[in-house]
Amino acid sequence: MDLKTKLEQLFEENHKQIGRTGDLDELNQIRVNLLGKKGPITEVLRGMKDLSADERPKVGAFANQIKSDLQDAIAARKAALEQAVIQKKLAQETIDVTLPGDQVIAGTPHILAQIMDDVETYFIGQGYQVIDGPEVEEDHYNFEMLNIPKDHPARDMQDTFYLDSQLLMRSQTSPVQARTMEIHDFTQGPLKMISPGRVYRRDTDDATHSHQFHQIEGLVIDKHITMADLKGTLLALAQHVFGADRQIRLRPSFFPFTEPSVEVDVSCFRCNGAGCPICKYSGWIEVLGAGMVHPNVLNAAGVDADAYGGFAFGLGPDRFAMLKYGIDDIRSFYQGDVRFLSQFQQEG
Ligand code: PHE
């Protein structure tokens with residue numbers, strides 16, 4: 001058989017085989033056998049040395065043509081088989097998008113945490129520091145440093161859980177004022193702080209009393225602070241929490257650590273002052289206590305009361321939440337009933 005016929009035969013056989021194989025490994029094997037150094041095509045090319053000078057280039061060109069056609073056929077088959085593999089995989093991985101999904105039940109911060117976070121963020125934006133204090137507190141800081149000496153009748157305002165004669169569960173967040181004033185370096189600038197946290201009182205739990213609730217204390221001490229600064233601060237806070245149209249009014253009150261002291265009302269956010277059950281038809285709702293820091297408190301903390309002064313306020317997140325969301329029982333916050341808590345999904 002002459003070389004050309006041999007090459008034609010080789011082409012026929014292998015071309016068929018390439019077309020038939022459905023397996024990439026097998027195809028690779030065919031390629032190696034056919035085109036490798038010991039393969040039939042190389043063998044044919046080697047036999048060309050016996051051809052005449054006239055025939056050699058013709059057969060050579062033909063052999064190269066056959067070789068390149070077979071290479072093309074292998075490449076084409078390989079692409080087709082690879083494509084088939086992908087198609088098969090895709091078919092297997094098809095997702096039925098009409099199946100109902102698994103519901104993800106996302107938790108949400110406690111409503112009181114949300115309110116406290118919001119007030120904190122608000123005051124941080126005004127340049128205040130957020131400072132924590134201990135819940136187990138010394139009588140010294142909870143009372144004495146705040147101008148409430150032992151046996152002072154003002155102690156009756158806050159019925160307190162004593163752990164021993166010196167230690168108690170703090171009845172207010174005001175001791176954090178005293179602790180911070182004591183260590184603040186006023187040569188470095190004014191003191192602007194808030195202190196959120198739990199407080200404890202010997203109250204019998206009912207719809208409006210809880211033996212444990214929350215307060216956020218605020219304190220600003222600097223030179224030349226006036227009651228107008230306090231009023232502006234509280235108006236802006238009331239508008240932030242209860243709505244941009246709110247007004248506030250101050251009523252004289254008494255706290256041992258502030259003089260003068262005030263009770264602060266906000267205009268009713270439900271009826272806008274017209275009178276409704278929420279504001280008990282007065283148009284105003286009491287929201288917090290505040291005042292100008294008493295000189296005795298400044299002096300006790302080692303702050304020169306002649307040079308420095310400031311204001312303090314204490315607000316109740318529990319009360320804010322009850323007012324804002326119409327919650328009529330403070331105990332709801334502490335019972336951990338998910339049906340109650342999950343109503344307050346955090347926005348955003
Ligand atoms: N500590 C006071 C209370 O618990 C609230 C208050 C704080 C009042 C700061 C004035 C200034 O009743």
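User: How far does a polar side-chain atom of Gln172 lie from a nitrogen atom of the ligand?

Analyst: This is a predicted model, in which local features need pLDDT of at least 70, side-chain atom pairs count only at pLDDT 80 or more, and totals for chains, interfaces and linings use all residues. Residues are numbered from 1 along each chain as its sequence is written, and side-chain values use heavy atoms, with hydrogens and water left out. For Ser174, a polar side-chain atom is 2.9 Å from a ligand nitrogen atom. For Gln172, the distance to a nitrogen atom of the ligand is 2.8 Å.

User: How much of the ligand's accessible area does the protein cover?

Analyst: Accessible areas come from the Shrake-Rupley method with a 1.4 Å probe. On its own the ligand has 330 Å² of such area.

User: Which element gives the most residues to the shell around the ligand?

Analyst: Strands here are DSSP runs (E, at least two residues), numbered from the N terminus. Two or more shell residues come from each of β5 (212–222), β8 (284–293) and β9 (309–315). The largest contribution, three residues, is that of β9.

User: What separates the centres of domain 1 and domain 2, taken over C-alpha atoms?

Analyst: The bounds come from an automatic or database domain assignment. That assignment gives domain 1 as 3–92 and domain 2 as 111–341. Taken over C-alpha atoms, the separation of the two centres is 89 Å.

Note on methods:
A polar contact is a pair of N or O atoms within 3.5 Å; within protein, one must be able to donate a hydrogen and the other to accept it, and residues adjacent in sequence count only if both atoms are side-chain atoms. Helices (H or I, at least four residues) and strands (E, at least two) are DSSP runs, numbered from the N terminus.
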